Amino acid sequence: SGRPTLWRAYLAFRRSDFAAFTARRLRHLHDDALDALARERVAVQGAEAGEVALAALDRHLIAFLAAATAGDLASGHTEMAVARLQAALEYNCFAPPIFSTDAEKLEVFRRFWEGGEPLVGEPGARGWVHSEGPSLLTANAREAAEASAAAAEVERLATEAAEAPGGWSGWVGTLPADPTASAAADGAPVGADDTAGGAAGEGAEGDDEDADSDDEDAVAEAAADGGEEETEEQLMARLGLQLEEQLAGQEEGVTPAIAAAWAATEAKRDAMQWLPTRAPPAPPASPGSSSVAEEESLRAVRFADLEDALFTLASDEARAELALVAVELLGAHLPPGWRSSNGPCGGSGSWVEAVHCVAPAQLGAEAPVVAAPWSTAMGDPLLWHLPEPGAVGNQLRWLLPGAGQRPWWGVTPARRDFLALLLRCLLAEGAPLQGHRGACLALLGAEAAPPSTFAFPDPGDDDEAASVVLFAAADKADAETQDSYSADGRVGGNDGTGRDWDRAREAARQLLSQHRGDAMLFCAYAELEAAAGSHKASRRAFDAAAAAAATAFSVSQAGVGGGPEAAVAAAAEVAVVCAEVQLRRGGREAQARAVHMLVWVGCHTAVFEPFKAASSKSEPGGPGDVGVAQLLAARRGLQDWITHSLSAAAAAAAPAPASREDGTARYDTADDGGKRGGCGTAPSAVDAAVGAVGLGPLLAAATLLEELLPAVAPGLVPGGAAAGVRNAARLHVQVSEAVPAESRSSSAVMERLAMRNCRLLTSACLASPPAAAPRTARSAVLNALKLWPRNGELVAMLTAAGEAARGAARLRGDLAAACAAGPAPVAWLLALRCEAVRPGAGVHLQPLFERVVGSREGGTCPLMWRCYLAYELGRNRPQAARRVYLRAVHACPGAVELWRDGFKGLGDALAPAEAAELLQLAVQKGVARRT
């Protein structure tokens, strides 16, 4: 079947089915889903309404690819995840346009992959389209090369085997004999059939699995009611572990010190070993090479591992979305709301929350180096909801479990360099993200990261620090991977913040040298200089961006390019970004500079004159030089462009595709779990109609001008800041209501505008003095949550407005409703935080934790279990924490960080023999083991 909803539900079931789960089997199921969707895409290609259906299927293909990659990252198979992203990007974004059939394209790509040329993100990578060697090999030459490489691999393994240190047995004294070790070596559960077919083929796994599932369901129903009703025997039986009485005679095992050191060393090696190798087909095993071959099998990714998951996307928009999803999975900071939270891929940051198992940015993470593009002049309220852990002692540290807020690329400098090279490839000429400001900001933010970002192990973690001393002789592969990316070791150019601004400036200048007329890249560079404190350089860069936008507008008026609508939208975005950066500095001159940019867009976009600061009030060109007539003309001009954009959007809106027989939406455009049908307008059609004419930047410029009018022209708009905020919010509501609700709910542009409006009102109610009432902000956020219930940023702003109103009971009710309507990790965490600050929090927190992990979504979210485990450990309840840990690994067997948390934190609560059994169980479930 090619129905995305059915595949999504089936994969969710298999992901939580402990008895039959292995990471390898789940990977095969994701490949089957991708293959089924790709076949469905071929079937609908060229049919009636085929373009709309293809666009929807492309979005679902990207979502399933992201889910497969997320599963590999969560289970510790980082090499497979990186290889999957590299293959998908090369196959779609850098493919030569010379293939007549998909089979021909796949065969040539196989030769390119096995040829060993650098892939995107690796040093020296040029992209598949520029490859000349491996793709042109004849069959005989390729076979000869493979045979030679296989012989060399055998010789290398035999040489390294004699020098290889002990593997798994080095951590355990004398483990109980495991008669099923051969069956578990490939990640399959004991007694389980490892044949993985499609949704129908999985039913052939036998009656034993069905019986296990029936027992699982019965025990899960009992646990969902309260957790405490389940007996110790039932919980241990679910995991297939022996009771302590049965293990009493076995004195040897994994002691707490060994378990903690193993977990810390695993984390270190997982951070260092992440780059895949592309080895030829596995050579015959040589004597004494088992440990080396086991590690090589984890790191080596062959083309056969990826072949079933390769597909071709139809449009440039889909390829750009694939590129953005890929870099976000690797931890890149992208603008909030860059995709709709109702879409198949979910909202921004969803992978960081649920996959990497770390708390989202709304809970106290360090802000990106460069400010988010759509923040208001009053600041970003999304980081105001949780004090830093040091400010509250250890009271709320359980909300930030594990490694805290370090992104994937921030673990080692080599990962950062990989992401930077990947973004450079995607921002190059002709690449899918050329001129994408958000991607450029992500690149500059990674380049400017301070050296402390890459400290490993984490400061203050005595167990990990001890493991570094004990196991200082890391694998040679660790050093090879690091040296290939960080040969220069450059850390210079830091200021008081520790960030390497010089490195980021060099990256920005290299991009600008390749794209001198790109206004968005000039904006990103200007934001970088503003963050570094070089305000003069920032203003010069913004002037260059505005001049480039004005030139583009003049050219568009001559009938060249995308037309004046697209050009004025680009100019509006430049003006909004510049105005917001200036307003963050504060002062009358900053307001005058911001208004100068907005008036330029509204009045005379084709000509740009830089702002000239006056040395005295009498000189022209200074603050307040913009007259009332110009302000009114700019306001009218922006509103005219908005009206034109709305008319174009209404004319371009198209109905959703119908199925072949029953006339209902076959390819659901929202990831709603089957609760409702497809939207009345396909997301691709809405975003094309709304985004192409630039409604987002134009409305942002118009609302920002309304917000600033009382300050620069008090005679024109009396009432002060409150009147400006009120007029801006009213304009947003008027424009938004002109777009049908069903179209708004599936449009990333409209969701981003709603977030902007809610952020404006939230910031205004938190200002001193307040410029808006908390109830006004709360009402706006609640209305937005009706359309986008899974938007974590909106839930965070709801919390800010509720705290400003000092209505704790109402806030708890609002958060409970938000958790029920759109289960997102940030909503659960904010609800837990709200309970944690109440007097007598212990009475309320544990029942809330049980409700969260007892829900369908919360029970399969590793982050929720990690918080619950840290909470119990923080209360000094080791046995309760042990019980939570056993339930957690049963609910989320594929989360490697969750397994490590227990070994590092439980200590004596785990008996040595029990810890040994859990280690074996983790290996059977396919969690990556590197030591």
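A: The expected span is 1.5 Å times one less than the number of residues, and helices here are DSSP runs (H or I, at least four residues), numbered from the N terminus. The model is predicted, so that local features need pLDDT of at least 70 and side-chain atom pairs count only at pLDDT 80 or more, while totals for chains, interfaces and linings use all residues. Residues are numbered from 1 along each chain as its sequence is written, and side-chain values use heavy atoms, with hydrogens and water left out.

Within α33, Leu811, Asp814, Leu815, Ala818 and Cys819 are buried (under 20% relative accessible area, with exposed over 50% and partly exposed in between; 1.4 Å probe, protein chains only). These residues lie on the same side of α33, because they cover an arc of only 135 degrees around the axis, taken from the directions from the helix axis to the C-beta atoms. The face turned away from that buried side carries the exposed residues Ala809, Arg810, Ala820 and Ala821. Among what covers the buried residues of α33 are α31 (774-787), α32 (792-805) and α34 (825-836), where contact means heavy atoms within 4.5 Å.

As for confidence, the protein averages a pLDDT of 75, and 67% of the residues score at least 70, on the predictor's scale from 0 to 100 for each residue. Confidence is highest in helix α4 (residues 78-93), at a mean of 95, and lowest in helix α18 (residues 462-470), at 33.

Definitions and conventions: Helices (H or I, at least four residues) and strands (E, at least two) are DSSP runs, numbered from the N terminus.
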